[in-house]
Amino acid sequence: MLAQWGEAERKLTDRVSVLVGANNGQYPSGNTLLVRGEGESIVIDPSIDVIERGGVPVAIDAVLNSHSHEDHMACNGFFKDARIHIHDDDLPGAKSIDGLMDVYGFEGTLRTQFQDTVLETFHYTPRDDALGFSDGHVFDLGGVKVEAVHLPGHTRGHSGFRISDDVFFLSDIDLTGFGPYYGDVWSDLEDFEESLRRVREEEAAWYVTFHHKGVIEGRQRFLEMIDAFHAVIDRRHQAMLKFLAEPRSLEEMANHRFIYRPGVQLNFAYDVEKRSARFHLDRMLSRGEASEVEPGRYLRS
Ligand SMILES: [Zn+2]
């Protein structure tokens with residue numbers, strides 16, 4: 001299953017290429033990393049584009065998943081003879097569809113609907129043989145090393161990869177204007193911010209995101225982008241505090257929308273808004289910025 005990518009293969013070094021997805025890796029597509037070693041070659045987060053193009057330019061020994069989200073695991077069945085590696089904490093999402101659905105935390109019809117999408121659009125294939133790794137694990141491919149860097153918050157096991165000092169794969173710390181996504185049951189705002197602080201220290205010549213932004217050249221540009229990305233969290237926080245000028249419930253916060261724009265039609269938007277607002281509300285309560293003035297209603301201090 002070899003396929004040439006032509007201009008869509010962007011070579012960063014002799015060993016590392018970005019396989020740029022449709023529309024610059026806009027969801028449901030993504031930007032896949034291909035690392036050619038002397039001993040083994042691997043892909044990191046092979047997207048649905050890999051299947052649509054019929055493969056990648058070289059034989060693949062292993063697939064690294066940065067985390068268990070549908071768009072990052074699209075080829076776990078396509079590369080059926082390759083090993084699958086994912087952080088220990090996200091293993092359940094690679095091993096079974098039920099495990100994956102628990103990561104999102106959707107219930108009822110939302111769960112059924114999204115399960116169909118994951119199976120049809122994203123070719124989800126359970127891999128009971130998937131292997132776990134932990135922070136700092138090094139994959140030595142021969143002439144090039146890939147080190148896992150645990151960056152939780154988006155999911156529990158979300159990880160970046162440092163590739164022989166030149167390239168850093170950021171995955172879904174995607175540096176978009178939308179800002180950090182911490183709306184799943186397996187997300188955590190505090191962990192996400194800690195991961196942002198940690199990844200900011202990374203020195204690389206190229207930083208690669210799975211969606212939109214793709215390849216970012218140079219540390220200076222990276223710092224500007226990650227600081228802007230990080231600032232979205234406080235912007236949401238301040239907007240929510242302003243909304244609590246009168247007593248409001250969590251449900252009212254979710255309906256008002258602080259993550260998605262009001263016009264965005266997504267069947268899971270309410271759930272995501274509610275979980276995200278809960279994180280900010282907990283932060284306000286712990287900081288003394290707001291209080292519960294009657295059961296289930298919150299007012300800023
Ligand atoms: Zn994700």
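For sorting residues, Ala, Val, Leu, Ile, Met, Phe, Trp, Tyr, Cys and Pro count as nonpolar, Asp, Glu, Lys and Arg as charged, and the others, Gly among them, as polar. The model is predicted: local features need pLDDT of at least 70, side-chain atom pairs count only at pLDDT 80 or more, and totals for chains, interfaces and linings use all residues. Residues are numbered from 1 along each chain as its sequence is written, and side-chain values use heavy atoms, with hydrogens and water left out.

**Stop 1: the largest pocket**

Start with the pocket. A pocket is an open set of points on a 1 Å grid over the protein atoms alone, where a 1.4 Å probe fits, with protein on both sides within 12 Å along at least five of seven lines; lining residues have an atom within 4 Å of a point. Grid points are joined across faces, edges and corners, and a volume is the space filled by probe spheres set on the points.

The largest pocket has a volume of about 890 Å³. Select Tyr27, Phe178, Tyr181, Tyr260 and Phe268: of the 30 lining residues, these are the closest to its centre. The lining divides into 14 nonpolar, 10 polar and six charged residues. Helix α5 gives the most to it, with three residues. Helices (H or I, at least four residues) and strands (E, at least two) are DSSP runs, numbered from the N terminus.

**Stop 2**

Pro28 is found in the loop between α1 (22–25) and β3 (32–36). Step back to Asn24, in helix α1. Asn24 is not a glycine, yet has a positive phi of about 55 degrees. Now jump to Arg257, in the loop between α8 (250–256) and α9. Arg257 also has a positive phi, about 75 degrees, although it is not a glycine.

**Stop 3: the nonpolar cores**

Which residues have the most contacts inside the largest nonpolar core? Select Val56, Ile60, Phe79 and Val118; this core has 34 residues. A nonpolar core is a set of buried Ala, Val, Leu, Ile, Met, Phe, Trp, Tyr and Cys residues joined through side-chain atoms within 4.5 Å. Buried means under 20% relative accessible area, exposed over 50%, partly exposed in between (1.4 Å probe, protein chains only).

Color β6 (83–87), α3 (91–95), α4 (97–104), α5 (108–120) and α9 (269–287): each supplies at least two core residues. Helix α4 gives the most, with four. Zoom in on Val118. Leaving out residues up to four places away in sequence, Val118 touches Glu70, Ile97, Leu100, Met101, Tyr104, His123 and Tyr124 (contact: heavy atoms within 4.5 Å). A second, separate core of 23 residues includes Val35, Ala62, Ala148 and Phe169.

**Stop 4: salt bridges**

The structure holds 21 salt bridges (a side-chain nitrogen of Lys or Arg within 4 Å of a carboxyl oxygen of Asp or Glu).

Select Arg10 and Glu217, whose closest N and O atoms are 3.1 Å apart. Arg10 lies in strand β1 (residues 9–11) and Glu217 in strand β13 (residues 215–217), so the pair ties together parts that are 207 residues apart in sequence. Arg10 is partly exposed at 34%; Glu217 is exposed at 52%.

Finish at Arg111. Asp98 pairs with Arg111 at 3.8 Å, and Asp102 pairs with Arg111 at 3.0 Å. Shared partners join Asp98, Asp102 and Arg111 into one network. Arg111 is buried at 17%, whereas Asp98 is partly exposed at 47% and Asp102 partly exposed at 40%.
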